[in-house]
Amino acid sequence: MARQGQGDGGRGARPWAAAAAASTAFLVEVVVEAIAEQAPAQYRAASLRSRGPILGLLAIGGLLGAALALAVPAEVSSWGFVIYIAVTIIDVLAGPGFLRSADAAHEDVSRPAIPTRLGAPIGAIASFLGVGGSVMTVPLLRRAGLPMGQAAALANPLTLAIGTPAAVVFLAARHAADLHGAVFAVGIVDLGAAAFLLAGAIPVIVVLRRRPPSIPDRVHAWFYVGLLAVVLTAMLLPLT
């Protein structure tokens with residue numbers, strides 16, 4: 001595997017650490033999305049009518065993207081992750097439609113927000129870079145007119161379709177000798193770190209599902225941008 005030929009303590013250790021972190025976060029996201037997957041009935045029904053083909057293409061893309069990520073130097077996907085998140089932040093801030101308030105009552109939920117033909121490319125890019133499906137699908141759903149709460153909810157099954165096959169590939173990958181600091185590494189995923197993250201995240205998700213907070217749509221959108229900025233900062237640290 002090309003990403004492993006860096007050697008202990010070499011210049012590739014930091015990019016590989018970032019790639020391993022992204023893969024671990026990818027697995028955490030899959031578990032979190034599986035637990036949190038719950039859209040309101042009218043949006044779920046509308047999305048179920050036509051989402052089968054795109055889910056299949058997302059899964060195929062996720063599988064291919066993860067396999068490609070293992071075949072290139074760690075720096076490629078790690079810096080690609082950083083660049084994509086940075087571009088996404090600029091796009092949602094400068095582009096139309098994301099930060100404006102939306103009213104779900106006026107939206108046509110039967111209208112497909114993401115063309116089926118984009119399923120494979122979205123899945124491949126998301127898993128190759130390790131950005132997770134929601135980073136790509138939430139802005140698309142948002143610009144289709146959905147409020148943030150609905151966009152985030154409907155992104156869950158799309159993210160699961162991408163993340164499940166990609167996570168299997170990352171878990172089955174050959175272990176890297178320079179994966180320092182891992183609690184319990186399987187493939188290029190630190191299952192120990194993932195377990196700690198999930199231990200903190202799952203109780204919060206369960207509580208929020210029972211008592212969802214009432215967050216103004218615009219505040220929710222800005223909070224999403226803020227989370228992207230935090231992720232970008234965290235990924236830059238091991239690369240610099």
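Helices (H or I, at least four residues) and strands (E, at least two) are DSSP runs, numbered from the N terminus. By this definition, valine 82 has its place in helix H4, and the protein as a whole has nine helices and two strands. The structure is a predicted model, in which local features need pLDDT of at least 70 and side-chain atom pairs count only at pLDDT 80 or more, while totals for chains, interfaces and linings use all residues. Residues are numbered from 1 along each chain as its sequence is written, and side-chain values use heavy atoms, with hydrogens and water left out.

**Overall architecture**

- From the N terminus on, the order of elements is α-α-α-α-α-α-α-β-β-α-α.
- Of the 240 residues in the protein, 45% are buried; buried means under 20% relative accessible area, exposed means over 50%, and partly exposed lies in between (1.4 Å probe, protein chains only).
- The protein exposes about 11400 Å², and carbon and sulfur atoms supply 69% of this area. Accessible areas come from the Shrake-Rupley method with a 1.4 Å probe, and for residues only the protein chains shown count as cover.
- Contact means heavy atoms within 4.5 Å. Among contacts between residues at least 6 apart in sequence, 82% join residues at least 24 apart.

- Valine 82 in helix H4 counts as buried because its relative accessibility is 7%.
- The C-alpha atom of valine 82 is separated by 9.7 Å from that of alanine 234, although the two residues are 152 residues apart along the chain.
- Isoleucine 83 is also found in helix H4, which comprises residues 74-94. With a relative accessible area of 51%, isoleucine 83 is exposed.
- Trp79, Ile83 and Val87 make a nonpolar surface patch of about 290 Å². Patches are made of residues with over 30% relative accessible area and no salt bridge: like charges are joined within 9 Å, and nonpolar side chains (Val, Leu, Ile, Met, Phe, Trp, Tyr) within 5 Å.
- An α-helix has 3.6 residues a turn, so residues three or four places apart point the same way.

**Salt bridges**

- Side chains of opposite charge can pair when their charged atoms come close. A salt bridge is a side-chain nitrogen of Lys or Arg within 4 Å of a carboxyl oxygen of Asp or Glu, and by this rule the count comes to two.
- Arginine 143 is partly exposed because its relative accessibility is 32%, and aspartate 91 is partly exposed at 36%.
- Another salt bridge joins the side chains of arginine 142 and aspartate 217, at 2.6 Å from N to O. Here too the pair links distant parts of the chain: arginine 142 is in helix H6 and aspartate 217 is in helix H9 (residues 217-236), 75 residues apart.
- Arginine 142 is buried, with a relative accessible area of 0%, and aspartate 217 counts as buried at 15%.

- The expected span of a helix is 1.5 Å times one less than its number of residues. Helix H7 (residues 148-172) has 25 residues and should span 36 Å, which agrees with the 35 Å between its end C-alpha atoms.
- H7 bends by about 30 degrees at asparagine 156, and proline 157 follows within four residues. The bend at a residue is the angle between axes fitted to the seven residues ending there and the seven starting there.
- H7 is mostly covered, as 18 of its 25 residues are buried.
- Helix H8 (residues 191-210) has 20 residues and reaches 28 Å from its first C-alpha to its last, close to the 28 Å expected.
- H8 bends by about 30 degrees at leucine 198. Buried residues in H8 include Gly192, Ala194, Leu198 and Ile205.

- Glycine 61 lies in helix H3 (residues 52-69) and counts as buried because its relative accessibility is 1%.
- Leaving aside neighbours within four places in sequence, glycine 61 is in contact with Ala120, Gly123, Ala124 and Ser127.
- Proline 216 is found in the loop between H8 and H9 and counts as exposed because its relative accessibility is 52%.
- The C-alpha atoms of proline 216 and proline 147 are separated by 9.7 Å, and the two residues are 69 residues apart along the chain.
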